[in-house]
Amino acid sequence: MSGFSFNLLKITDPSRFRLGQLIFSRNKQEKILDTPNCFVYTMRGSVPHLTPDNLQTIPVDSLGITLEHFLEAQPPASTHFMGGIHKFLNLEDYLLFFDVRDSGKLQHISFNTDKYVSVVTNQGCRKVTVEEYVRYMNAYNPDIFASIADLITDKNPSLKRVKKSVDRTLNWLDETLEQIKEGIHVFGVVTGHDKHEERMRSAQETANRNVAGFVLNGFDLDITSKERLDLMKISLNHLPKNKPRVAYGLGAPEYVLLGIFEGIDIFDTSYPSEQTSLGHALTFLLLENGIKNEQEKFIDLWDNKYRTDFRPILNGCKCYACQNHTRAYIFHLLAAHEMLATVLLMSHNLFHYLQFFKDIRKSINNNTFTNTAMQFIRASNITDE
């Protein structure tokens, strides 16, 4: 079992962005996740495109795990493993954060009821009750997990449906807090879809429970990132300052910065893996004088112009790919459909994304974040797409 605490080191006023530390113990050692930060996205307990050996070359402290990736059968075979999920996945040195559904995408499902939620697996749709979910979490013994929530995948739901979603989610949270064993920490999920009053009610009622933190899942909102963040602000306005806030659906760097302005502490990291799958290499930089106008957020290494480009992906980057390989080589691997292409790209993209958060924390500490982040955001030409 792990200890857990969240310490705020610096908070700006009247702005909301802050520095913090999520402190947890694992293998009798105290570990610290500095915030703002992210939970590294996984598929079936593994970071996409990387092996555990690859992962060790990247400064990763925490991982996000999804239950629906393990639900080919019920109960999942992994719940029978006596050592818990850390040992089962050989991830004993990391903070593991569990959620029911994939933080990188929310697939449309048939329906939820008062008794269960539906999730999508490789073997079709599965039903998960609160009792089953808590039983799985007690067996897995993760450091943190998000309570089960009635997320709406219907477009334009009625007010009645949204109210029912909030009520179900709160009832399930109460059941979860009663049944979870000591030492496993619960983050309450804030719902309310696109209804302002319900988002306020959900945030206030969740904050009244004995939760360790909060999750704002924006993937149930079939809208733009900008609109998603505007709705999240309503929830954030009614959450206490002394507990961490996790947000899904704000992966692009400009929206990470906007989310941090609103007081979000931790983000999901599906963005690097999505860009890797497209053959994109991240190149954006958070500079003291903002982003350069000519700087691109990423380069497309499928582009034929990189065939004879023998520079690293990004000059000055300390990742394995940039220290040992060139753009031309990765272009060659992509063209040949070699798996090593995505291994090298993901090694760079994840390293780079984590460095981005490190630079954000440094700028907050140096009191330069407002100017630096706003210049980056303005240069990103945010649209409603």
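## Close-up views of a predicted model

**View 1. Asn367 sits in the loop between α11 (339-365) and α12 (369-379).** Everything shown in these legends comes from a predicted model. Have a look at the backbone here: the phi of Asn367 is near 65°, a positive value in a residue other than glycine. Is Asn367 buried or exposed? With a relative accessibility of 62%, Asn367 is exposed, because the cut-off for that class is over 50%.

**View 2. Asn90 is another residue to check for its backbone angle, with phi near 55°.** That value is positive, and Asn90 is not a glycine. To find the residue, follow the chain into the loop between α2 and β6 (95-99). Asn90 has a relative accessible area of 54% and so counts as exposed.

**View 3. A cis peptide bond links Thr35 to Pro36.** Its omega is about 5°. Pro36 belongs to the loop that runs between β3 (29-35) and β4 (37-41).

**View 4. Gln74 and Pro75 are also joined by a cis peptide bond.** Here omega is about -5°. Where does Pro75 lie? Look in the loop between β5 (62-66) and α2 (84-88).

**View 5. Ser270 is a buried residue of helix α8 (residues 270-277).** Its relative accessible area is 5%, and buried means under 20%, so Ser270 falls in that class. The side chain of Ser270 makes a polar contact of 2.7 Å with the side chain of Asp268. Which residues does Ser270 touch once its neighbours within four places in sequence are left aside? They are Tyr41 and Gly104.

**View 6. Helix α7 (residues 253-261) is largely enclosed by the rest of the structure.** Why can we say so? Because eight of the nine residues of α7 are buried. Those residues are Pro253, Glu254, Tyr255, Val256, Leu257, Gly259, Ile260 and Phe261. The elements covering the buried residues of α7 include α6 (225-236) and β13 (266-268), along with α8, α11 and α12. After α7 comes Gly263, and its phi is positive, near 100°.

**View 7. Strand β6 is mostly covered, with five of its five residues buried.** Which residues lie on each side of β6? Leu95, Phe97 and Asp99 are on one side, while Leu96 and Phe98 are on the other. Both faces of the strand are covered.

**View 8. β6 pairs in the parallel sense with β5 and with strand β9 (residues 144-146).** The pairing with β5 runs over five bridges. The pairing of β6 with β9 runs over two bridges. For this pairing, look for Phe98, which stands opposite Phe145 in β9. Leu95 and Phe98, the β6 residues named in this view, are both buried.

Terms used
Residues numbered from 1 in each chain as written. Predicted model: local features only at pLDDT ≥ 70, side-chain atom pairs only at ≥ 80, totals over all residues. Heavy atoms only, no water. Helix = DSSP H or I, 4+ residues; strand = E, 2+ residues; numbered from the N terminus. Buried < 20%, exposed > 50% of the residue type's maximum accessible area, 1.4 Å probe, protein only. Polar contact = N/O pair within 3.5 Å; in protein donor to acceptor, adjacent residues only side chain to side chain. Contact = heavy atoms within 4.5 Å. Pairing = 2+ DSSP bridges.
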